[in-house]
Amino acid sequence: MASAAEQLASNLNFSAFAKAEDLKKRIWFTIGALLVYRLGTYIPLPGINPDAFAQAFSSQSKGVLGMFNMFAGGAVQRMAIFALGIMPYISASIIMQLMTSVIPSLESLKKEGEQGRKVINQYTRYGTVLLALVQAYGISVGLENGHGIVNDPGMFFRISTVVTLVGGTMFLMWLGEQITARGIGNGISLIIFSGIVAGLPRAISGTLELGRTGALSTGLILAIIVLAIVVIALIVFFERAQRRLLIQYPKRQVGNRMFQGDTSHLPLKLNTSGVIPPIFASSLLLLPATIAGFSQTTNMPAWASTILASLGHGQPLYMAFYAAMIVFFAFFYTAIVFNPKDTADQLKKHSGFIPGYRPGERTADYIDYVLTRITVVGAIYLVLVCLLPEFLISATGVPFYLGGTSLLIVVSVTLDTVAQIQGHLIAHQYEGLIKKSKLRGGKKAR
């Protein structure tokens with residue numbers, strides 16, 4: 001079966017793609033949905049003075065808000081209706097997943113299968129609305145505190161801003177779910193991906209302009225390009241890396257026939273959590289700074305100003321928190337998506353075993369042992385990929401778009417989307433082979 005799948009994957013070509021009508025519809029739907037998202041990042045909030053806001057944002061763009069703007073696809077810089085982006089949904093997902101590990105009733109819901117997941121998803125949506133309400137109201141107050149940003153400050157402006165921003169976030173959440181169900185790839189990841197990719201041309205041209213004016217040396221620009229290529233190659237290598245555990249199946253007798261025992265492998269990805277830890281870590285770092293960057297320093301307590309300064313890009317406190325949260329979420333999300341005990345039970349149910357380990361609890365302990373150690377390597381890889389370019393950015397002033405986090409998201413989402421496209425093409429070719437075999441069988445019967 002595996003060799004046939006590999007042969008089909010190697011034979012994929014444009015003619016096979018042209019015949020896959022369902023896949024083309026999914027791709028066109030995904031492109032259309034992402035175009036709608038990009039259009040929304042250019043529709044400004046009502047009642048905003050664009051020039052005054054652009055001036056206020058430029059003074060804060062080097063801090064955490066610059067990274068927030070990257071994840072929002074430039075919507076923060078334009079204070080568009082999608083300025084909150086998808087981050088409230090991600091934050092709500094983090095909180096809900098933490099609660100499912102702590103609260104027994106939610107944990108039992110998670111084990112109920114599809115119905116339980118629907119209930120948890122509904123709770124996540126409620127949490128998204130709550131977080132978006134708080135952040136949107138904070139943004140409206142922060143905008144009013146800016147000099148000349150709001151044309152007509154007051155309760156009506158605050159209500160309209162909250163309704164618009166919360167509505168934008170809920171629409172993006174719905175759009176992401178539609179892409180996942182009717183398109184190609186993970187909808188939420190693709191929304192973040194499209195926002196980052198849309199800013200790459202400006203980031204590259206800005207870097208080249210700094211080189212033209214002499215702000216950056218030619219050697220440094222070449223070093224940045226080489227570093228980006230090395231980071232991309234490193235991401236591809238680690239995202240495809242696996243530790244394969246040998247699985248053996250004993251001989252079995254069916255009737256009077258004896259079947260030879262079979263062997264297979266249990267693949268454990270080096271980075272099981274994927275791109276989730278950096279996104280989760282970034283969303284938590286962005287959450288407290290959503291509004292404070294727009295407030296005047298004189299209106300904030302001294303301790304708040306100190307914390308905000310420490311959370312700036314390249315600051316030791318920011319790097320330490322970022323690295324710690326990446327490591328935490330790497331282990332946390334791996335524990336959520338992969339349960340060694342369930343895997344061991346499934347192997348035991350199908351008479352499979354790992355040589356040298358008894359089926360059941362001993363097998364589960366061994367899988368957990370291996371998974372923990374490769375997750376350590378995966379977490380270190382994520383920290384290095386996300387933080388090393390950030391040090392270069394903070395030292396040279398290169399735009400955030402060229403950072404390790406953005407490259408990790410772009411490469412990982414691209415690999416995942418390409419894999420899904422290949423999966424659809426393989427499934428389509430299998431369907432074609434089955435239809436041909438049925439037609440041949442019918443002709444022979446005649």
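## Valine 327

Valine 327 is partly exposed, with a relative accessibility of 33%. This valine lies in helix H14. The model is a predicted one, and the values given here are computed from it.

## Nonpolar surface patch

Valine 327 belongs to a nonpolar patch on the surface, together with Phe331, Val376, Ile380, Leu384, Leu388 and Phe391. The accessible area of these residues together is about 580 Å². Helix H14, which spans 316–337, and helix H16 are the elements that each give two or more residues to the patch. Helix H16 supplies the largest share, 5 residues.

## Threonine 363

Helix H16 covers residues 361–396, and threonine 363 is found in it. Threonine 363 has a relative accessible area of 2%, which is under the 20% cut-off, so the residue counts as buried.

Leaving aside residues up to four places away in sequence, threonine 363 touches Ala344, Leu347, Ile354, Tyr357 and Arg358.

## The protein overall

The protein has 17 helices and 4 strands. Of its 446 residues, 43% are buried. Among contacts with a separation of 6 or more, 76% are between residues 24 or more positions apart.

The accessible surface of the protein is about 23500 Å². Carbon and sulfur atoms account for 63% of that surface.

Notes: Residues numbered from 1 in each chain as written. Predicted model: local features only at pLDDT ≥ 70, side-chain atom pairs only at ≥ 80, totals over all residues. Heavy atoms only, no water. Buried < 20%, exposed > 50% of the residue type's maximum accessible area, 1.4 Å probe, protein only. Contact = heavy atoms within 4.5 Å. Patch = residues over 30% accessible without salt bridge, like charges linked within 9 Å, V, L, I, M, F, W, Y side chains within 5 Å. Areas by Shrake-Rupley, 256 points an atom, 1.4 Å probe, with all protein chains shown as cover. Salt bridge = Lys/Arg side-chain N within 4 Å of Asp/Glu carboxyl O.
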